[in-house]
Amino acid sequence: MNISQLANACGISADTVRYYEKQGLLAAPARLENGYRSYEPAQVEQLRFIRGAQALGFSLQEIRAILPLLVQGKFGRPQIEQQLQTKMAQIDAHIAQLQQLKTELAATFAALKCAPESTLATDDAVAPDSGSGAGAAVLKRSFRPPRSTKA
C-alpha cells in the first residue's frame with residue numbers, strides 16, 4: 001500500500017506518517033521503482049499502536065522506547081502493567097501540581113484589594129516559584145491600584 005492508503009487506514013495524514021518515519025517510530029518502507037513508499041499491513045498495526053499510546057498520554061519518546069520491545073515480542077503483560085502504572089503515577093503528580101496551582105490562584109483571587117474597576121499594578125506582587133510549575137508568573141499577594149502620578 002502507498003502512503004495515502006496507509007494514512008487513510010489509520011485516520012492520519014501522510015505528513016504524520018512521514019513525521020513518524022523521521023522520528024524513528026516507523027521503519028523506512030520499501031520503495032517501488034517509481035520511488036513511492038510501499039507499506040506492509042504490519043505497519044498499519046504499528047501506527048495504530050502509536051496513535052493508541054498517544055491517546056493514553058504516552059509521549060513519542062516513551063513510545064519510541066516501547067516499540068523495539070513490541071517488535072521483538074518482549075512486551076508482555078508485566079511490561080504493559082509497568083508502563084501503565086508509571087503513566088498513572090505521572091498523571092497523579094500532574095493532578096497534584098494543578099491542584100496546588102488552583103489553590104494559589106484562589107488565594108490570589110481572595111487577596112485582591114482594589115475595586116473591581118481599578119487598573120492593577122503587579123510590580124511588587126510577583127511571587128517566587130512555588131514548585132507548582134507556574135514559576136514567577138504566580139501572583140499571590142496584594143494587587144494594588146497603580147501609584148498616583150499627581151504632583
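Author: Let's start with contact, which here means heavy atoms within 4.5 Å. Bear in mind that this is a predicted model, where local features need pLDDT of at least 70 and side-chain atom pairs count only at pLDDT 80 or more, while totals for chains, interfaces and linings use all residues. Residues are numbered from 1 along each chain as its sequence is written, and side-chain values use heavy atoms, with hydrogens and water left out.

Leaving aside residues up to four places away in sequence, Lys87 touches Leu56, Gly57, Phe58 and Glu62. Lys87 itself belongs to helix α5, residues 77–110. Helices (H or I, at least four residues) and strands (E, at least two) are DSSP runs, numbered from the N terminus. Buried means under 20% relative accessible area, exposed over 50%, and partly exposed in between, using a 1.4 Å probe and protein chains only. The charged end of Lys87 sits over the ring of Phe58, 5.3 Å from the ring centre. For that label, NZ of Lys or CZ of Arg has to be within 6 Å of the ring centre and within 35 degrees of the ring normal.

Leu60, Ile63, Ile66 and Leu67 are its buried residues. Looking down the axis of α4, they fall within an arc of 120°, so they line one face of the helix; the arc is taken from the directions running from the helix axis to the C-beta atoms. As a general point, an α-helix has 3.6 residues a turn, so residues three or four places apart point the same way.

What does that buried side meet? The buried residues of α4 pack against α2 (14–22), α3 (41–55) and α5. On the face turned away from the buried side, you'll find Gln61 and Ala65, both exposed. Ala65 has a relative accessible area of 51%. The C-alpha atoms of Ala65 and Leu25 are 9.3 Å apart, although 40 residues separate the two along the chain. After α4 comes Gly73, with a positive phi near 75°.

Ala14, Val17, Tyr20 and Glu21 are buried in α2. They cover an arc of only 120° around the axis, which puts them on the same side of α2. Their cover includes α1, β2, α3 and α4. Asp15 and Lys22 are exposed on the face of α2 turned away from the buried side. Gly24 follows α2, and its phi is also positive, near 80°.

Searching the whole structure turns up 1 aromatic pair. Tyr19 and Tyr20 form that pair, which is tilted, with 6.3 Å centre to centre and 55° between the planes. Rings of Phe, Tyr and Trp (its six-membered ring) pair if their centres lie within 6.5 Å; planes under 30 degrees apart are stacked, over 60 edge-to-face, and the rest tilted. Tyr20 is buried at 2% relative accessibility, whereas Tyr19 is partly exposed at 40%.

To zoom out, the protein chain has 5 helices and 2 strands, in the order α-α-β-β-α-α-α from the N terminus on. Of its 151 residues, 26% count as buried. Among contacts between residues at least 6 apart in sequence, 50% join residues at least 24 apart.
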